[in-house]
Amino acid sequence: MIYKSYNQHIIRPLVYLTLAVLGCTLLTVLYCIYEFDFHLREVPTKERMEVTPLQIKTVKDVRIWEFLSIDDEELVTRTKKNLLKDAQLTRIYYGKVRFGIDLDKASPDWVQMVGDTVDVTLPRLQLLDHVYVDEARTETFYETGSWSNEEKEALYAEAQQQMKKRCVTNENVQIAQRNAIQQFEKIFMAMGFMYVNVHF
């Protein structure tokens, strides 16, 4: 009887002590989870509150944004009949086709902010500078006979059309749109938004 009473006297405090330690450990774990979740939810809100209309205006004031640039060269030939001998003019034109947007054409509510999410509506993608042909780099590959300025201008215009036809494709438009979406996602995520929806 003395031995049994002695065991109960020793074991009971150990059980209470073990339960107390487990309880404290559980409370500590729950507290840490709460604190982590609290800070995880609070940081984006705090950063979002720092976004001001002036920051949005700064992005818009850049106005012209380029998202794809394609260098191209075109060989253009023109032949005309003469009494003695046909005249021929062949030139190589170098140019650049640029895709981008003009934020002056964006709607007044092009940026909508709700919580940690921002919705960005970009204006329609367009050709910047239409098709730029660098006249200084134009090379005359072959020329016979005489050619007027008007005839040379017509050759220049034909080179522009060929560049546009070659470069303005659905594939290139989609590439430019993807570049635009990625670039504006990075800009607004850097401002603190967790979710950025960019569309045209």
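1. **Basis.** Residues are numbered from 1 along each chain as its sequence is written, and side-chain values use heavy atoms, with hydrogens and water left out. The model is predicted: local features need pLDDT of at least 70, side-chain atom pairs count only at pLDDT 80 or more, and totals for chains, interfaces and linings use all residues.

2. **Overall make-up.** The chain has four helices and seven strands. Both are DSSP runs, numbered from the N terminus: helices are H or I with at least four residues, strands are E with at least two. The order from the N terminus is α-α-β-β-β-β-β-β-α-α-β. Of the 200 residues, 27% are buried. Buried means under 20% relative accessible area, exposed over 50%, and partly exposed in between (1.4 Å probe, protein chains only).

3. **Contacts and surface.** Take the contacts (heavy atoms within 4.5 Å) with a separation of 6 or more: residues 24 or more positions apart account for 78% of them. The chain exposes about 14,100 Å², and carbon and sulfur atoms supply 58% of that area. Areas come from the Shrake-Rupley method with a 1.4 Å probe; for residues, only the protein chains shown count as cover.

4. **Glu 74 and Arg 166.** The structure holds 11 salt bridges. The term means a side-chain nitrogen of Lys or Arg within 4 Å of a carboxyl oxygen of Asp or Glu. One of them joins the side chains of Glu 74 and Arg 166 at 2.6 Å, N to O. Glu 74 sits in strand 1 and Arg 166 in helix 3, so this pair ties together parts 92 residues apart in sequence. Glu 74 is buried, at 3% relative accessible area. Arg 166 is exposed, at 52%. Beyond four places in sequence, Glu 74 also touches other residues, including Arg 91, Tyr 93, Ala 159 and Met 163.

5. Strand 1 covers residues 64-80; helix 3 covers residues 149-167. Arg 78 and Glu 158 form a salt bridge at 2.7 Å, N to O. Arg 78 lies in strand 1 and Glu 158 in helix 3, so the pair ties together parts 80 residues apart in sequence. Arg 78 is partly exposed at 28%, and Glu 158 is partly exposed at 28%. Lys 80 and Glu 151 meet in a salt bridge at 3.2 Å, N to O. That pair links strand 1 with helix 3 across 71 residues. A network of salt bridges links Arg 63, Asp 102 and Asp 104.

6. **Gln 160.** This residue lies in helix 3. Gln 160 is partly exposed, with a relative accessible area of 23%. Leaving out residues up to four places away in sequence, Gln 160 touches Val 131 and Val 133. The C-alpha atoms of Gln 160 and Val 133 are 6.9 Å apart, across 27 residues of sequence. A polar atom of the Gln 160 side chain lies 2.9 Å from the backbone oxygen of Val 131.

7. **Helix 4.** Residues 170-190 make up this helix of 21 residues. Its first and last C-alpha are 30 Å apart, close to the 30 Å expected at 1.5 Å a residue. The expected span is 1.5 Å times one less than the number of residues. Asn 172, Ala 176, Ala 180, Phe 184 and Phe 188 are buried. They cover an arc of only 130° around the axis, which puts them on the same side of helix 4. The arc is that of the directions from the helix axis to the C-beta atoms. The face turned away from the buried side carries exposed Asn 170, Glu 171, Lys 186 and Ala 190. Gly 192 follows helix 4, with a positive phi near 115°.

Conventions:
Polar contact = N/O pair within 3.5 Å; in protein donor to acceptor, adjacent residues only side chain to side chain.
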